[in-house]
Number of protein chains: 2
Amino acid sequence: MIDALHIEANANVALVKYWGKADEAANLPATGSVSISLDALKTTTIMKQGAGPNDEIWLNGESVGTGVDRIQSFIDRVRTMYVGIGPVHVISTNSFPTGAGLASSASGFAALAIGINRLCGIGLEPADVSRLARLGSGSAARSVYGGFVAISADGDGAAVPIDVDMTHWPLTVLIAVTDTAAKSVGSTQAMQRTADTSPYYAEWVQQHPADMIEAHRSIAEADFDGLATVSIRSCMKMHAAIMAARPPIIYWNPGTMAVVNAVEGWREAGRRVFYTIDAGPQVKVICHQDDVAVCNRELAQLPGVRNVIESGIGGEPRVHWSYSR
Amino acid sequence: MIDALHIEANANVALVKYWGKADEAANLPATGSVSISLDALKTTTIMKQGAGPNDEIWLNGESVGTGVDRIQSFIDRVRTMYVGIGPVHVISTNSFPTGAGLASSASGFAALAIGINRLCGIGLEPADVSRLARLGSGSAARSVYGGFVAISADGDGAAVPIDVDMTHWPLTVLIAVTDTAAKSVGSTQAMQRTADTSPYYAEWVQQHPADMIEAHRSIAEADFDGLATVSIRSCMKMHAAIMAARPPIIYWNPGTMAVVNAVEGWREAGRRVFYTIDAGPQVKVICHQDDVAVCNRELAQLPGVRNVIESGIGGEPRVHWSYSR
């Protein structure tokens with residue numbers, strides 16, 4: 001039996017957006033998604049067999065209370081699925097703001113799913129680990145792989161890495177952080193409200209598969225402009241569906257708009273760059289390698305941009321070490 | 001025959017939004033609308049019988065070239081509808097930025113329709129003047145009246161004043177100007193692109209009548225909160241439909257978001273205030289009388305807000321003088 005291990009997993013950003021659940025209990029997505037892994041946004045998790053009677057969970061240096069916590073709920077759920085999982089200790093740390101729309105749940109639950117599988121000897125294959133991570137967070141299913149990753153809405157709920165020659169995709173993601181506070185409405189609640197009350201939700205789901213096809217085609221053909229167009233479209237359609245909910249949910253702030261307006265201007269000026277926004281006010285600016293330096297410099301000077309995190313495309317999660325008695 | 005006259009008409013802001021055309025040639029709206037007149041945003045127009053062979057048109061102190069101009073096109077169209085209209089001189093001045101999403105076409109074409117009807121002795125009744133103004137701009141049909149005004153999507157295309165005791169509605173509109181430049185995409189073109197390419201356009205039109213009913217009920221019952229809720233909902237649904245067009249149209253800038261976020265905070269804090277945004281980056285903040293002073297002070301200090309225009313509810317257009325030889 002493994003006694004302890006150390007895992008690192010990257011967050012990811014969806015270019016074609018997942019928004020809405022087809023099955024609440026199984027956390028199955030109503031829309032597919034295509035993402036890229038971000039090597040600058042990491043969760044580092046150390047897991048150990050527990051000594052006392054209960055789990056112990058530390059997140060970003062603070063002990064997490066039991067009961068209502070998402071991490072605790074996840075572990076309890078895994079315990080109902082696989083017998084013989086004793087108390088565990090989890091020490092998880094994010095390299096970036098938590099709960100602010102920077103996909104900390106993606107890297108966090110990916111690391112946790114990989115860790116508990118190894119630590120407790122469950123013996124799942126990667127696709128099953130992806131499905132397990134999904135129970136914690138829909139986007140975590142993608143973070144068990146690196147590079148470009150997709151989830152199909154009509155598949156088995158596991159993410160699939162997209163096999164592509166990454167030398168054709170020298171992308172850098174500039175993460176414009178416009179607010180480090182936790183977002184106003186959490187994704188799960190916001191998805192529910194969108195599905196229940198937005199007049200645009202049904203169309204959002206129905207017209208989504210065309211964007212999936214377009215993204216897969218663009219990636220296969222190394223068509224930067226095609227990927228940019230479908231990514232912006234998917235982002236705007238998602239936020240439009242969200243803000244039409246009752247009452248409206250508005251994730252954007254002045255800094256968000258400053259970045260969006262700037263990137264639209266850069267695109268008109270011929271720079272190979274586009275943006276995407278998850279549930280939250282931060283903007284991810286995806287740049288072709290040649291345009292990174294100038295975009296980074298100008299992004300940092302925009303009013304409302306607190307800092308810019310420069311990220312390459314991340315690889316697979318890594319188990320740095322594991323220790324067996 | 002009248003030789004010259006001087007008209008003043010107010011712009012208006014729609015609380016339930018008109019967006020999309022049911023009939024392009026007749027400029028009939030696909031959605032109804034409910035507006036309030038703004039006494040601080042005025043067009044002053046002087047019209048005279050022309051001396052030379054052609055019309056002469058001056059807008060904001062500059063001579064307008066013939067041919068492509070909207071005002072010239074409108075006059076030419078009126079000439080095809082009613083015989084015997086000779087050359088006219090139009091000198092029109094707005095008290096506020098033109099073409100920036102502050103409804104200058106509403107007050108402008110309302111004044112023009114009223115003026116040409118009088119000057120040329122066409123003899124139209126008010127409802128017909130409203131329909132005539134509509135051919136210049138959909139929102140101009142409402143500016144031929146004061147106070148609360150409605151247009152039904154299934155009516156005859158004329159606006160109708162809403163008969164309401166205005167003492168129950170001590171409203172002030174604070175117009176937060178965040179950019180004085182002309183907007184990036186004109187309303188007519190943006191409506192067309194939304195109707196042609198937005199996946200949400202059909203739902204926007206279909207779910208609109210419920211908002212009209214809710215607005216009429218709120219106004220009749222002097223229900224400020226009800227009017228605020230339906231106004232915000234209609235605004236967000238409209239902008240959502242627009243930004244989901246292909247390519248997306250984004251009218252908002254950092255100042256727009258600063259105002260929206262601030263007003264959302266004020267509402268949570270119990271202030272009787274709401275916002276609406278037309279096609280453009282400006283935000284109209286509608287306040288109950290008791291909350292005007294503090295909102296005005298705080299609005300003016302928001303980053304991205306260039307100036308705040310305070311407006312009461314406007315009355316009917318006025319013909320200040322007319323001169324007959």
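A: Start with the superposition: copies are fitted by least squares on the C-alpha atoms of residues with pLDDT of at least 70 in both. The cut-off is needed here; this is a predicted model.

Q: What rotation and what shift superpose chain A on chain B?
A: The general idea comes first. Two copies of a chain are related by a rotation about an axis and a shift along it. Here the rotation is 180° and the shift along its axis is 0.0 Å, with an RMSD of 0.0 Å. That is the relation of a two-fold axis. Both copies use the same surface: 100% of the contact residues of chain A recur in chain B.

Q: How many residues does the contact take from each chain?
A: Chain A gives 25 residues and chain B gives 25 residues.

Q: How much area do chain A and chain B bury between them?
A: Interface size is often given as the accessible area lost when the parts come together. Chain A and chain B bury about 2200 Å², 73% of it on carbon and sulfur atoms. A:Pro199, A:Tyr200 and A:Ile250 supply 26% of the area that chain A buries against chain B, more than any other three residues.

Q: Which helices of chain A each supply at least two residues of the side that touches chain B?
A: α5 (201–206), α7 (224–243) and α8 (254–268) do. The largest share, 7 residues, comes from α7(A). By residue class, the side of chain A that touches chain B divides into 17 nonpolar, 3 polar and 5 charged.

Q: What is the count of salt bridges between chain A and chain B?
A: The count is 0. For polar contact, the rule finds 4 residue pairs across the interface, both residues at pLDDT 80 or more.

Note on methods: Residues numbered from 1 in each chain as written. Chains lettered and ligands numbered in written order. Predicted model: local features only at pLDDT ≥ 70, side-chain atom pairs only at ≥ 80, totals over all residues. Heavy atoms only, no water. Contact = heavy atoms within 4.5 Å. Buried area = accessible area lost by both parts, 1.4 Å probe. Salt bridge = Lys/Arg side-chain N within 4 Å of Asp/Glu carboxyl O. Polar contact = N/O pair within 3.5 Å; in protein donor to acceptor, adjacent residues only side chain to side chain. Helix = DSSP H or I, 4+ residues; strand = E, 2+ residues; numbered from the N terminus. Nonpolar A, V, L, I, M, F, W, Y, C, P; charged D, E, K, R; others polar.
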